[in-house]
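Colleague: This structure is new to me. Please walk me through it, terms first.

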Amino acid sequence: MDILDFSSLLTFNTVTVAIVVVLLILLVSQLLQWPANLPPGPTGYPVVGCIPLLRNRNILEVFRKFRAQYGDVFSLKIGPNLTVVINGTDALKEAFVKRGDEFSDRPGGFLSKNIFKNRGIGGTSGEHWKHTRTFSLSTLRNLGFGRRSLESRVQEEIAAYLDVIEKQNGKPYDMKEMTVLAISNIICSITFGNRFEYTDAKFKRLTSLIAENFRLNSVGSAVRSFPWVIYLPGDFFNVKKLVQNFTDIKDFVAEQIDEHRNTIGEDCQRDFIDAFLIQQKKHGEGDPIYDDMNVTASVMNLFIAGTDTTATSIRWAILYLILNKPIQDKLRKEIVRVVGTSRLPSLADKPEMPYFEAFITEVLRMGDIAPLSVPHGAKKDIRFRGMVIPKGSTLIPNLDSVMTDPELFENPDKFQPERFLGKDGKLNGKERDVLAFSLGRRVCLGESLARMELFLFMTSLVQRFEFLPESTDKLLSFDATLGVTRASKDYSCRAVKLV
Ligand code: HEM
């Protein structure tokens, strides 16, 4: 070995030792910071924590194994974030309902700070969140949320949607984009006061940005754990893309708000933006509940949350129809008996259609649309079931642990709407166990709208079309992609017109 080789070997060894020492220091200092009675969980690796155990694997499956090993409340490091995962109906109710004052904050983070400027409904905490949520909910109720007065708007959209599907003449067609556009148009008409044509290129692009961000912003993604990678050259971790997508959505919402400001009448409130602007005029720009950024962030929250979630549920519903022909026939029988074929179904028909309700509930359960909900955060040390959840921890309400619980739902892997019906054919109360919209104070703000959309869209679709697979030799799969939502893989189907 010559002198050069020897010195480079020495340098290599020194660097290796230095790295190992730094990692050990990090690990030990991390362990020292944690209280002794932290919820149990896997150790993970220095710096990255358990990310290697989650990446490219089925996170839901990994969390099921951790629950079996460590119990209903377990903790793990995801990057630098101590994360506590809460599983099962009992622990979820105890934390998010009974002790809602301690468990209802959001963890904040890079996107809340840099994109939403700590404003809006979805990412804020404390008094600001409470006031914004209360104001938004009461405004949305006035605009018809959960009421019959919104129904005609939804039905108008459904008529346009059915038209496009009919034009495919029963040929194989991927309904994904159409469904997203139709569902998004409903929240657009509530917030912006207008809908967009399905051919509108800008609208199509915006909804695809929302879908992309739902995919990129998942548990274990770089933006949640190491947002500083945005300052590295290139965009290997897609953080720049995610930020650019949000910025484009924000610019679009800001344009809409400007347009409203220029056209608003004296006492006439056209939509959600107008309601905010009227209050802004009363309270002054200095009030953080009604300032420009809170309007922008709240509208973004509604536009984003109201677009992808219901559309994803409808895509699961159609897939389950195609793969369960007897269930599809039974649903159609119920529609024909209650509604007939000459008019569109309406909310007034709902109490007479328990099988449809059971079907939609089963889609929400097995579709497992937002399986890990949206993260909450611990604003102070929380003592819970004899353990300590340290201040600053991220809390994950694991809704998947409920949907797949064999104690609650016999044969949970089977698609079986009947599980929600009693001997009398009416709903048996078990539908309340399906926590698709989460629970407690942060329960989905759009639940009543989503339920209305699911009922009206699905009943209208089944009334008008028979759904068949693209071809008999092409197998459809129940595989899913997990982001914020759990989305089915792309698929085409044939919608054959019946009436
Ligand atoms: C099937 C459709 C939907 C599902 C499964 C769903 C599910 C959820 C879930 C799991 C959360 C998190 C709750 C938590 O933090 O524990 C949430 C929050 C939220 N959802 Fe939905 N959602 C749906 C549709 C909608 C619609 C249509 C809107 C639009 C109005 C909406 C607006 C929101 C908002 C604004 C929040 C944040 C609430 C807050 O932080 O206080 N969602 N949703």
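Modeller: Contact means heavy atoms within 4.5 Å. Helices are DSSP runs (H or I, at least four residues), numbered from the N terminus.

Colleague: Fine. What am I looking at?

Modeller: This is a predicted model, where local features need pLDDT of at least 70, side-chain atom pairs need 80 or more, and totals for chains, interfaces and linings use all residues. Residues are numbered from 1 along each chain, and side-chain values use heavy atoms, without hydrogens or water.

Colleague: Let's start with helix 14. Which residues of helix 14 and helix 15 meet?

Modeller: On the helix 14 side they are L321, I322 and L323. On the helix 15 side they are K325, Q328 and L331.

Colleague: At what angle do those two cross?

Modeller: At roughly 105 degrees. Their axes, lines fitted to C-alpha atoms over the stretch in contact, with angles from 0 to 180 degrees, come within 5 Å. Helix 15 covers residues 325–338. So helix 14 and helix 15 are roughly perpendicular to each other, a label for 65 to 115 degrees.

Colleague: What classes of residue make up that contact?

Modeller: Four are nonpolar, one is polar and one is charged. Asp, Glu, Lys and Arg count as charged; Ala, Val, Leu, Ile, Met, Phe, Trp, Tyr, Cys and Pro as nonpolar; the others as polar.

Colleague: Now helix 9. How does helix 9 pack with helix 14?

Modeller: Helix 9 (residues 176–191) packs on helix 14 at about 145 degrees, with the axes 8 Å apart. Helix 9 brings residues including K176, V180, I183 and I187. Helix 14 answers with residues including V299, F303, G306 and R315.

Colleague: And the classes in that contact of helix 9 with helix 14?

Modeller: Nine nonpolar, six polar and two charged residues.

Colleague: New topic, the ligand. Which residues come nearest to the ligand?

Modeller: R106, R133, H376, S438 and C444 do, out of 27 residues around the ligand. A residue is near if one of its heavy atoms lies within 4 Å.

Colleague: What lies by the ligand's oxygen atoms?

Modeller: S438 has a polar side-chain atom 2.6 Å from a ligand oxygen. For R442, the distance from a polar side-chain atom to a ligand oxygen is 3.0 Å. S373 has a side-chain N or O atom 3.1 Å from a ligand oxygen.

Colleague: Which elements give two or more residues to the shell?

Modeller: Helix 7 (126–142) and helix 14 (292–323). Helix 14 gives the largest share, six residues. By class, the shell has 15 nonpolar, nine polar and three charged residues.

Colleague: Last one: how do helix 16 and helix 18 cross?

Modeller: At roughly 115 degrees, with axes within 11 Å. Helix 16 covers residues 354–367 and helix 18 covers residues 447–464. They are therefore roughly perpendicular to each other. Helix 16 uses F356, E357, F359, I360 and L364. Among the partners in helix 18 are R451, F455 and M458. That contact has eight nonpolar, one polar and two charged residues.

How values were computed
Parallel < 35°, antiparallel > 145°, perpendicular 65-115°, else oblique. Polar contact = N/O pair within 3.5 Å; in protein donor to acceptor, adjacent residues only side chain to side chain.
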